[in-house]
Amino acid sequence: MSVNFDKNIPNWRTQLEAINYNVLVLVREGKVRYEINGQEVIADSGDVLFIPRSTLRSGENWMGIPHQKHTILFTYEADFETGIPFLDERQFIQFKLFNDQYAYHRCERLYEEIRGGKSFRTMICFGIFQELIGMLARELDKPDLTPSKLKYAEIIKTHLLEHYRQHIEIEQLSKLICRSPNYTTALFREVYGHSPIRYMHQLRMLEACNLLISSDMTIASISQYLGYYDTSYFHRVFKKHTGMSPTDYMQQGAHSDMTKLLS
């Protein structure tokens, strides 16, 4: 229905009413005070709230202090099962967002798209919204992970995203969180399902797939660019992750979804 970004609005408030739509709230800075079905709820920075349709809700700045938050208003059929637990349960929930920066980025992108007049806007907005909902559902599906584990795993992942083309060893990553190499590997695998080094190779292979299709770089140049100074080793890693050689991918990859090739 709509996407809003409330940025430090003085005297912000919403009246008490039974809403006829669903609201997804991502608090970015500060705090927000809500009344949800007669109960006080204080939402802090990094909190996500799902307020389902028919909820009796009001909201205001906490202690009169402005805040920043993204809100998405949407509807779906009452008898429709989405497969997303928190949507299908149709109950108010509040939880802390783990991958907050990426979620904020997607909200910003959704906000820009829904206000633009470019072609295919509806399809793009729906795709961004689906990704955001799926990401939140995935975070809720990890109830046994402690905040400290999530924090450490995010530190490692961020480092890998920024330095995946460089030479990286587990000892180097373990120093980022002041833990042993074995603990670092086990922690990352527990949160993301694979080791940090495998994730690094996946990032490299995603970039390799892109470069093989969209650039005029040679396979040897791509290999060196991504940190593989032995081209034959690059060939082995690429085939292991994609199921085909770099040359075959150049011929067939334009018709393939590269994200589905990575195991």
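View 1. Two strands pair if DSSP finds at least two bridges between them. Strands (E, at least two residues) and helices (H or I, at least four) are DSSP runs numbered from the N terminus. The model is predicted: local features need pLDDT of at least 70, side-chain atom pairs count only at pLDDT 80 or more, and totals for chains, interfaces and linings use all residues. Residues are numbered from 1 along each chain as its sequence is written, and side-chain values use heavy atoms, with hydrogens and water left out.

**View 2. An open sheet is formed by 5 strands.** Their order is E1-E8-E3-E6-E9, with antiparallel pairing. At the edges are strand E1 (2-7) and strand E9 (93-96), each of which pairs on one side only. On average, neighbouring strands of this sheet are turned by 15° against each other, direction ignored; axes are lines fitted to C-alpha atoms, for helices over the stretch in contact, and angles run from 0 to 180 degrees between N-to-C directions.

**View 3. Helix H2 lies across E1, E3 and E8.** This helix comprises residues 100-115 and runs at about 120° to E1, while strand E8 spans 68-74. Helix H3 (residues 121-140) packs on the sheet and touches E3, E6, E8 and E9, where contact means heavy atoms within 4.5 Å. The direction of H3 makes about 80° with that of E9.

**View 4. Strand E7 pairs with E4 and is joined to E2.** E2 (residues 13-18) and E7 (residues 56-61) run antiparallel, joined by 4 bridges; Thr 14 has Gly 59 in E7 as its bridge partner. Strand E4 (residues 32-36) pairs with E7 over 5 bridges, also in the antiparallel sense. Here Ile 36 stands opposite Arg 57 in E7.
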